[in-house]
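Let's walk through a structure together, one feature at a time. Have a look first, and then we'll talk.

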Amino acid sequence: MNTNSEKPELGIYIHIPFCIKKCYYCDFISYSDKFSIQKEYIQKIKEEIQAQKHIIKRYNITTIYIGGGTPSSIESSGIVEILKEIKSINAGTEENKKEITIEINPGTITMQKLKDYKEAGINRISIGLQTTNNELLKNIGRIHSLEDFEKSYNLIKEAGFKNINVDLMIGLPKQTIEDIKESIEKVINLNPKPKHISVYSLIIEENTKFEKMLEENKLKLPDDETERMQYEYVKNKLELAGYKHYEISNFAIPGYESKHNSNCWEQKEYIGFGIAAHSYIDKVRMSNTINLKEYLNTSTKEPNEEYKKIYNKSNLPIKIGIKTINEIQNKEDEEKEYMLLGLRKIDGVSISKFKQKFYENPIFLFKKELAKLADEKLIEIDLDTIRLTRKGLDLANIVWEEFI
Ligand code: SF4
């Protein structure tokens, strides 16, 4: 029998779809009026975990990410139960090396919840701040103020968590460069300084309040040049403060890069549980239903025979139970995706690692695409690396299009 460390790595994602209130820009699957079914939902996730135990056992679980939604808005006992369920299947010998993250929002945690998280093995907290300007927080529909964030941050510190991420946003309506400066200053001067900072650009998603406001001409967004300056400012300031820019939107004190997300960008496997959760196993990309009723009422058991038949078909996506198979990758799909994911990382794609994985040289394989992108000064290629240039960082979408 293989010991856990000899098995391939697997990340686990758990989706908790409950939020106190819907933020105006958010299109994640989350509900503000369904807290009464939280126990039923947790039970269903536990069933789903049990139904997939044959997969979980094959791997060494190295990361668990509890996201949402706002996982901290439900009772902590639900989170504890889920983690126990996973442990009962695959305890592993390296429990203390696992990175276990929970996303929380200011104002939704208590010392008791944090103690429960800690006892259950959670060792990384990701807290959504977005901006330190209270007026802007209100304008984007957040439930908290800067003061709520500070209180929550202090609680997290008192509870003894050392590995903390803070989420920030740029490109918000009416957000000025001064606002960004203030947010960055306040966050890097926290005590202790967060080990990780994620900075996301606002994107107007379909079916959000912001989309409607934009259509009705009630939303004024910063222009591209302003947003580019905001990004530039964030990058310079965080790098000067000792953070390594390691992915387009992510900065970390060296050694504290998010393992869970880094594994996804390195095309490692993960399995998702809960409504709308995605999985990537055996080169198959799947997603769970986004319909809550369907999630709660469909059997978690998957007909293995059905899977086998489907593997011979090409008319995807195909729905089986709560899962939809979106892609069964052949070698070419896998190679293209490896490039697409790898170019998100600031260190880029290692040519030697690509050769090791696919027995091909990416320079020859993607000769046409790489020559075009290098001509446009969007990427640079040196001895062992293909990476985005400064211009490429701003126009990353154009680069990714070449590998879709
Ligand atoms: S708290 Fe997060 S998941 Fe919930 S609505 Fe706001 S942005 Fe979306």
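**Reading the fold, step by step**

Q: How close do the axes of helix α1 and α3 come, and at what angle do they cross?
A: Axes are lines fitted to C-alpha atoms, for helices over the stretch in contact, and angles run from 0 to 180 degrees between N-to-C directions. Here, the axes of α1 (residues 38-51) and α3 come within 10 Å and cross at roughly 10 degrees. Angles under 35 degrees count as roughly parallel, over 145 as roughly antiparallel, 65 to 115 as roughly perpendicular and the rest as oblique. So α1 and α3 are roughly parallel to each other.

Q: What kind of model is this, and how are residues numbered?
A: This is a predicted model: local features need pLDDT of at least 70, side-chain atom pairs count only at pLDDT 80 or more, and totals for chains, interfaces and linings use all residues. Residues are numbered from 1 along each chain as its sequence is written.

Q: Which residues in α1 and α3 meet?
A: Two residues are in contact if their C-beta atoms, placed from the backbone, lie within 7 Å. On the α1 side you'll find Q38, I42, I45, K46 and I49, and they meet G78, E81, I82, E85, I86 and I89 in α3. For sorting them, Ala, Val, Leu, Ile, Met, Phe, Trp, Tyr, Cys and Pro count as nonpolar, Asp, Glu, Lys and Arg as charged, and the others, Gly among them, as polar. The contact of α1 with α3 then divides into six nonpolar, two polar and three charged residues.

Q: And how do the axes of α3 and α4 cross?
A: Helix α3 (residues 76-89) and helix α4 (residues 111-119) have axes that come within 9 Å and cross at roughly 5 degrees. That makes α3 roughly parallel to α4. S76, I79 and V80 of α3 make the contact with K113, D116 and Y117 of α4. Those residues divide into three nonpolar, one polar and two charged.

Q: How many helices and strands does the chain have?
A: Helices (H or I, at least four residues) and strands (E, at least two) are DSSP runs, numbered from the N terminus. By that count the chain has 18 helices and 16 strands.

Q: What does the radius of gyration say about the chain?
A: The radius is taken over C-alpha atoms, and the globule rule is 2.2 Å times the number of residues to the power 0.38. With 404 residues, a compact globule would have a radius of gyration near 22 Å, and the chain's 21 Å agrees. Along its principal axes, the C-alpha trace spans about 60 × 55 × 45 Å. Among contacts between residues at least 6 apart in sequence, 70% join residues at least 24 apart.

Q: What surrounds the ligand?
A: A residue is near a molecule or strand if its C-beta atom, placed from the backbone, lies within 6 Å of it. The ligand is surrounded by C19, K22, C23, C26, F28, S30, G68, G69, T70, N105 and G128. That shell divides into four nonpolar, six polar and one charged residue.

Q: Where is there a cis peptide bond?
A: Most residues other than glycine have a negative phi, and most peptide bonds are trans. A cis bond joins G68 and G69, with omega about 20 degrees. G69 sits in the loop between β2 (60-68) and α3. The bond from N191 to P192 is cis too, with omega near 0 degrees, and P192 is in the loop between α7 (177-188) and β6 (196-201).

Q: What about the phi of Q267 and of K377?
A: Q267 has a positive phi near 60 degrees without being a glycine, and is found in the loop between α10 (259-265) and β9 (270-273). K377, also not a glycine, has a positive phi of about 60 degrees; K377 is in the loop between α16 (367-375) and β15 (379-381).

Q: Is K220 buried or exposed?
A: A residue is buried if 20 or more other C-beta atoms lie within 10 Å of its own, exposed if 12 or fewer, and partly exposed in between, with C-beta atoms placed from the backbone. K220 has 10 such neighbours, so K220 counts as exposed. Leaving out residues up to four places away in sequence, K220 touches P173 and K174. Across the whole chain, buried residues make up 34% of the 404 residues.
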